[in-house]
Amino acid sequence: MKEDMKTQLLTKSPKELLFKLAIPGIIGMIVIGLYPFMDGVFAGWLIGDYAMSAISVSMSLTIINGGISALIGVGSASILSRAIGKGDKETTDKIFGNFCYWVIFFSVIITIFGLIFAPHFLDLVGAKGNIKELGVRYLRVVFFGSIFVNFAQAGNMTMRGEGALKQSMMIMGAGAILNIILDPIFMKLMGEYAIEGAAIATVISQIVQAILTFHYFSKKSAFVGIHKIQKYKAIYSEMFSIGSSAMMMQILFAVQQTFLFKQAFAYGGDDWGILMSATMRLYMFSFIPLWGMSQGLQPVIGANFGAKQYGRVKDTMKIFMYGATILAAASWIPSMFCSEKLLSLFSVRREIIEVGVVNFKMFYSTFILYGIMIMTLTFFQSIGDGKKAGMIVMLRQLVLFIPAILLFPKVFGASAVWWTEPIVDFSMIMLGLFLMLNGLRKMGKQQITNSFR
């Protein structure tokens with residue numbers, strides 16, 4: 001089995017690998033996205049749009065867990081896939097112990113931080129009254145599950161690094177289905193504590209996923225086995241270098257959301273806050289399939305780069321970029337032509353939708369190009385070039401975005417709250433594409449040089 005997966009990564013056509021690895025990755029990531037998405041939907045139906053808004057605003061803080069999962073998982077997966085390509089068993093044997101050490105370390109810190117600072121964070125985003133109160137109650141339950149969600153999500157990313165996307169999909173699917181079943185049950189049973197019921201359902205589902213993930217590594221993994229839990233400098237230094245760009249994208253996405261919510265509440269009151277909450281729910285869910293495709297891309301690029309098969313790296317990138325654009329269009333088209341129906345999923349009041357639908361469309365206007373952005377970042381992470389991936393993320397979500405979202409509404413009017421991000425993103429997509437094409441050209445020259453040796 002070990003040799004079989006390695007051979008497939010190094011010899012199968014990119015188109016075959018797209019369907020074999022990307023489809024399970026897409027399904028698996030959609031399943032992950034169902035957690036916050038369904039919490040928001042059920043909260044809107046069973047409690048009201050203030051509860052939906054509270055969960056949406058709160059998710060900006062829980063993205064910290066997603067960032068840590070990405071730091072550990074993306075970094076470990078990149079190291080693992082390249083070690084498989086090189087046949088480096090010493091490295092693959094250290095992956096699990098190092099991975100577990102950092103999951104435990106960061107999860108303890110996040111749990112304490114989240115419990116203490118939840119109310120202060122909600123003040124920062126401009127949440128008040130019922131929205132703030134419900135948000136604090138939701139967060140204080142969710143943060144108790146930090147260690148389980150981090151182990152399950154980072155573990156799943158590491159599994160994908162060895163090409164086990166089908167198993168990853170099944171584990172995440174089991175947790176998501178359980179969450180969808182438990183959400184309405186706990187919300188109904190807990191009455192006035194329905195918001196805590198939504199959080200408890202999520203934590204229980206994450207515990208189940210963590211157990212199933214551990215079972216995979218202990219019994220079924222083709223390359224990674226259970227070893228002593230300890231940090232290895234050679235592993236974690238590279239893991240941090242590569243995974244930091246993925247973590248930054250998650251953490252800075254939370255920062256982005258914080259400023260978007262703050263500006264929405266400031267320029268449009270609770271109505272714009274509710275509209276932004278529903279918009280961000282859909283926006284985050286739309287990203288999920290693209291991340292799923294990137295999980296299919298990562299082991300192919302990593303293994304072939306490790307084996308110095310640069311021609312296959314180029315061909316794979318081309319196929320996956322086309323696929324990612326089609327996938328992005330699958331979210332962009334409904335957002336442009338079925339906006340009202342999408343927003344009504346969250347029980348947003350009709351008058352808010354009627355006034356805000358143009359703002360929603362402006363926010364989504366460049367989404368059709370986002371597949372290119374995600375594949376570009378994955379390319380740099382897969383070849384171990386964390387600096388370029390980190391630079392794109394920092395420019396997009398911090399250096400350019402924050403000054404723009406603060407300045408543009410003052411200069412161009414309140415509507416700039418909704419069109420600032422698409423403008424910044426378009427410029428960063430073009431930069432990332434240029435850097436990736438330049439990297440592929442250098443690989444092509446290196447391959448020609450190697451062939452003459």
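This is a short chat about a few residues in a predicted model.

User: Let's start with G40. Which helix is G40 in?
Analyst: G40 lies in helix α2, which covers residues 14-46. Keep in mind that the model is predicted.

User: Is G40 buried or exposed?
Analyst: Buried, because its relative accessibility is 0% and the cut-off for buried is under 20%.

User: What does G40 touch, leaving out residues up to four places away in sequence?
Analyst: On that basis G40 touches M52, R281 and F346.

User: And M276, how many residues is that from G40 in sequence, and how far in space?
Analyst: G40 and M276 are 236 residues apart in sequence, and their C-alpha atoms are 13 Å apart in space.

User: OK, switching to T378. Where is that one found?
Analyst: T378 is in helix α13, residues 370-382.

User: Why does T378 count as buried?
Analyst: Because T378 has 2% relative accessibility, and anything under 20% goes down as buried.

User: Which residues does T378 touch, again not counting those up to four places away in sequence?
Analyst: The contacts of T378 are S294, L297 and Q298.

User: Cysteines next. How many disulfides are there?
Analyst: The count comes to 0 disulfides, where a pair needs its cysteine sulfur atoms within 2.5 Å.

User: What about C100, buried or exposed?
Analyst: C100 counts as buried, at 6% relative accessibility.

User: And what is the relative accessible area of C338?
Analyst: For C338 the figure is 35%, so C338 is partly exposed. That class sits between the under 20% cut-off for buried and the over 50% cut-off for exposed.

Terms used: Residues are numbered from 1 along each chain as its sequence is written. This is a predicted model: local features need pLDDT of at least 70, side-chain atom pairs count only at pLDDT 80 or more; totals for chains, interfaces and linings use all residues. Side-chain values use heavy atoms; hydrogens and water are left out. Helices (H or I, at least four residues) and strands (E, at least two) are DSSP runs, numbered from the N terminus. Buried means under 20% relative accessible area, exposed over 50%, partly exposed in between (1.4 Å probe, protein chains only). Contact means heavy atoms within 4.5 Å.
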